[in-house]
Amino acid sequence: MSSTEHADQVVHDVAVIGAGPAGLSAALNLVRAKRTVLLVDANRPRNAATLRSHGFLTRDGISPLELRKLGRTEVEGYPEATVVQSVVDLVTPDPDTDTWRVHGSWRGAELEARARTVVVATGLREEFPSLPMLRAFYGTAVHSCVECDAYDKAGQPLAFICETDDVVDRALLIAAWTDDLIVYTNGVAPLDDAGRARLAAAGIVVDERVVEDLEGDRTGMTGVRLADGHVEPRTGGFVRPVWHADLDWLRTSATTSPSATSGNTAANDDTPEALDGLQRDTQGLLVVDRVGRTSVPGLYAVGDVTPPGPEQLIVAAGHGAATAAAVHRDLVGGLADLRDAVQ
């Protein structure tokens, strides 16, 4: 049966949006609580370029895509689960039915579903420094997760390319695995005298010149090329992305904001109406309590889309399990009484 046909007939207990470790863990624990779960995923994982994931007990070194596949297969094995591939473009509360409406599409197939609660587990989008060859080496020679991948780079001559204001703290963390580290600010990351002194005391070299690109071949990365032509030999390193939480599909209603229909052509004309009462932090991440409840009753969030942002896969999976337990308890007790909800 098609996803649309099934969804029109059933109000699911929970719709889980996103099938990374956090979403899969939430879905698995919810179906084992005998909750009917609609798991919706676009199959566009942020770590698709990564060959191996690390730190996940019993699965150290597994391909992250294989880990997702195994998790999805486990969830699909339960009759309470409906797993759908779709790009969600609308999640909105329906006060008339006390449910959430979920809409999406995939290759011409439309998804129209309803659920009593929603778990957001869509993760984040990465924005990298503008270096043409960065993507070619990302996931093999260059990584973003220090905790995940620094072990395999230990003792090597490394580069850290960072344009954000946490450059000092992140560089000091990387230096725990190597004594040959050069930090490239690309002329962007802010550094004061105190920060430079901390890095110098740790034996970390700082280069604030503009980076033109990375160099290498099929055997791997070989260096960092600066705009002035200098090439510094480096066998790998880390990059600090800027993270974006793309959540425009969480809306108060199915219509766009009033400005989009009023004829006002000022900025943000076409910005959808944000979900009323939904709290986000200064980074745009969804503010949640310790078990994933957002400030909107019936809406939960887990994984990278919640503070502090990107986390190890096993941590995300643990958070997914904790949120699943909270969702189940709230459904048992009634969503009107959420004493621990974010205020």
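Residues are numbered from 1 along each chain as its sequence is written. Because the model is predicted, local features need pLDDT of at least 70 and side-chain atom pairs count only at pLDDT 80 or more, whereas totals for chains, interfaces and linings use all residues, and side-chain values use heavy atoms, with hydrogens and water left out.

The open sheet comprises 5 strands in the order β8-β15-β9-β10-β11, with parallel pairing; strands (E, at least two residues) and helices (H or I, at least four) are DSSP runs numbered from the N terminus, and two strands pair if DSSP finds at least two bridges between them. At the edges stand β8 (142-143) and β11 (205-207), each with a single partner strand, so one side of each is left without a neighbour in the sheet. Strand β10 (residues 181-184) runs parallel to β11 and is joined to it by 3 bridges, and Val 183 has Val 206 as its bridge partner in β11. Helix α6 (residues 167-174) packs on the sheet, where it touches β9 (158-162), β10 and β15 (236-240), contact meaning heavy atoms within 4.5 Å. The direction of helix α6 makes about 160° with that of β9, with axes fitted as lines to C-alpha atoms, for helices over the stretch in contact, and angles running from 0 to 180 degrees between N-to-C directions.

With a disulfide defined as a pair of cysteine sulfur atoms within 2.5 Å, the count comes to 1 disulfide. It is formed by Cys 145 and Cys 148, whose sulfur atoms are 2.5 Å apart; the torsion about their S-S bond is about 65°, so the disulfide is right-handed. Both Cys 145 and Cys 148 are buried, that is, under 20% relative accessible area (1.4 Å probe, protein chains only). Cys 162 is also buried, with a relative accessible area of 0%.

Note on methods:
Buried means under 20% relative accessible area, exposed over 50%, partly exposed in between (1.4 Å probe, protein chains only).
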